[in-house]
Amino acid sequence: MSNASWEDVVEIPDELDDDTAETLLEGAAETQDMTGEVCPYPQVEAKKAIQGLDPGEWLVQETDHVPSTENVPKAVGDAADAKVWKSGDGLYRIFLKKE
């Protein structure tokens with residue numbers, strides 16, 4: 001999918017195909033590799049990164065820590081809209097679009 005957009009990110013991870021996830025990752029204003037990291041470090045880093053983004057831009061965090069998929073969106077609160085994508089190999093991407 002060459003023209004992926006924020007609307008392509010869905011609530012249910014299995015509905016977002018790998019190609020779309022890759023395209024959205026490439027278009028992110030910032031990415032953070034949080035694989036191997038546990039809470040609260042991913043939440044702290046997400047909050048700092050969101051502050052530096054312009055409205056409409058998004059941050060993508062890659063993680064293998066399942067609790068981060070819930071804790072990071074809660075940590076940024078109303079500052080960003082959050083969606084989660086899951087790969088087939090235990091990697092998650094948390095897409096955070098700054099409001």
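You're looking at a predicted model, and glutamine 43 sits in helix H2, residues 41-51. Is glutamine 43 buried or exposed? With a relative accessible area of 13%, glutamine 43 counts as buried, because the cut-off for buried is under 20%.

**The big picture**
- The protein has three helices and four strands, and along the sequence they follow the pattern α-β-α-β-α-β-β.
- Of the 99 residues in the protein, 42% are buried.
- Take the contacts between residues at least 6 apart in sequence, and 62% of them join residues at least 24 apart.

**Helix H1**
- H1 covers residues 18-26, and its buried residues are Thr20, Ala21, Leu24 and Leu25.
- Look down the axis of H1 and those buried residues fall within an arc of 140°, so they line one face of the helix.
- Here's the background: an α-helix has 3.6 residues a turn, so residues three or four places apart point the same way.
- Turn to the face of H1 away from the buried side and you'll find the exposed residues Asp18, Asp19 and Glu26.
- What do the buried residues of H1 pack against? They pack against strands S1 (30-33), S2 (58-63), S3 (80-86) and S4 (92-98).

**Helix H3**
- H3 runs over residues 68-76, with Ser68, Thr69, Val72, Pro73 and Val76 buried.
- Seen down the axis of H3, these buried residues stay within an arc of 120°, so they line one face of the helix.
- On the face of H3 turned away from its buried side are the exposed residues Glu70 and Lys74.
- The cover over the buried residues of H3 includes H2, S2, S3 and S4.
- After H3 comes glycine 77, which has a positive phi, near 55°.

**The S3–S4 hairpin**
- S3 and S4 pair up in the antiparallel sense, over seven bridges.
- Aspartate 81 stands opposite lysine 97 in S4.
- How many residues lie between S3 and S4 in their hairpin? There are five, and glycine 90 in the turn has a positive phi of about 90°.
- Both strands turn up in the helix packing too: S3 and S4 are among the strands that the buried residues of H1 pack against, and both are part of what covers the buried residues of H3.

Notes. Residues are numbered from 1 along each chain as its sequence is written. This is a predicted model: local features need pLDDT of at least 70, side-chain atom pairs count only at pLDDT 80 or more; totals for chains, interfaces and linings use all residues. Side-chain values use heavy atoms; hydrogens and water are left out. Helices (H or I, at least four residues) and strands (E, at least two) are DSSP runs, numbered from the N terminus. Buried means under 20% relative accessible area, exposed over 50%, partly exposed in between (1.4 Å probe, protein chains only). Contact means heavy atoms within 4.5 Å. The arc is that of the directions from the helix axis to the C-beta atoms. Two strands pair if DSSP finds at least two bridges between them.
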